[in-house]
Amino acid sequence: MSISRFHAFSDGIFAILITILVLQFKIPDYQVGHLGRALINQWPILLSYAFSYFYVGTLWLFHHDFFGLFKKIDRNMNVINLILLFVITLIDYPMYLVANTLTTMNRMDLKVALIVYDVVALIASAMFFVIYWYLHEHPELRNKKVNASFYDKVEHDPIRSVAIYLAAIVVTLFSNLLGGILLGCGIIFHFYAYVRLNATIKKYHEQALVENAAANVARKQN
């Protein structure tokens, strides 16, 4: 599969997922003259959607920028990416679970819903670790403009994410509030990791431009 088809397929999956997320919004049952209160009562869906949209959007940005550094994609990487996308498409389910349990405010049900969300997020982070590991083992897939030290700078971020979600699962067993905060911290960490990845990519691109310019000057002088 070509790089362009790889990106097109992955981008399509992300676009469909984000569309499905917003489909959770439905017109609430309400008495005439009380629509405002009915809309306010939908805050759990809005909160869950906002977090999930931010999460999926960050994963898309991360996926888009990181795979833009690949020189080529082999069969195994295609399979790994398919598994990653499968896990990411599951995010809609725990989002709905959390929204529903926040509405009922049953502590035990909310605990289960948060843990399900943690597990899905943990597996997604673990799949990114698999991608980094596979890329480390197959340098022929790397863009030659980006050296090995680039990947060394970002390869531990998925492990940190896994650790955050593991901690969130354990904490949720004792406190839904603290567990939910840790889940939010895990999602925020993804954005931090993306910003750092993007800055690192920009740095290496600028370095490559300087090196190319120096090489051109050297050739002209010779």
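Four helices each supply at least two residues to the lining of the largest pocket: α3 (43-67), α5 (92-104), α6 (107-137) and α9 (176-221). Keep in mind that this is a predicted model.

Stay with that pocket. Its volume is about 340 Å³. It is lined by 15 residues. Nearest the centre lie L47, V98, L102, L114 and G180. Helix α9 gives the largest share of the lining, seven residues. By class, the lining has 11 nonpolar and four polar residues, and no charged ones.

Now the second largest pocket. The volume here is about 270 Å³. Among its lining residues are Q24, K26, P28, D29, Y96, A99, N100 and T103. Helix α5 gives the most, with four residues. The class count is five nonpolar, five polar and two charged.

On to the aromatics. The structure holds 11 aromatic pairs. Take F66 and Y132. Their rings are tilted, 4.8 Å centre to centre, with 45 degrees between the planes. This pair links distant parts of the chain: F66 sits in helix α3, Y132 in helix α6, 66 residues apart. Both F66 and Y132 are buried.

Next, F189 and Y192. This pair is also tilted, at 5.9 Å centre to centre and 40 degrees between the planes. F189 and Y192 are three residues apart in helix α9, so about one helical turn separates them. Buried or exposed, what is F189? F189 is buried, because its relative accessible area is 14%, under the 20% cut-off. Y192 is partly exposed, at 46%.

Last item, a cluster. F6, F66, F67, F70 and Y132 form one aromatic cluster.

Definitions and conventions: Residues are numbered from 1 along each chain as its sequence is written. This is a predicted model: local features need pLDDT of at least 70, side-chain atom pairs count only at pLDDT 80 or more; totals for chains, interfaces and linings use all residues. Side-chain values use heavy atoms; hydrogens and water are left out. On a 1 Å grid over the protein atoms alone, a cavity is a set of points where a 1.4 Å probe fits but cannot get out, and a pocket is an open set with protein on both sides within 12 Å along at least five of seven lines; lining residues have an atom within 4 Å of a point. Grid points are joined across faces, edges and corners, and a volume is the space filled by probe spheres set on the points. Ala, Val, Leu, Ile, Met, Phe, Trp, Tyr, Cys and Pro count as nonpolar, Asp, Glu, Lys and Arg as charged, and the others, Gly among them, as polar. Rings of Phe, Tyr and Trp (its six-membered ring) pair if their centres lie within 6.5 Å; planes under 30 degrees apart count as stacked, over 60 as edge-to-face and the rest as tilted. Buried means under 20% relative accessible area, exposed over 50%, partly exposed in between (1.4 Å probe, protein chains only).
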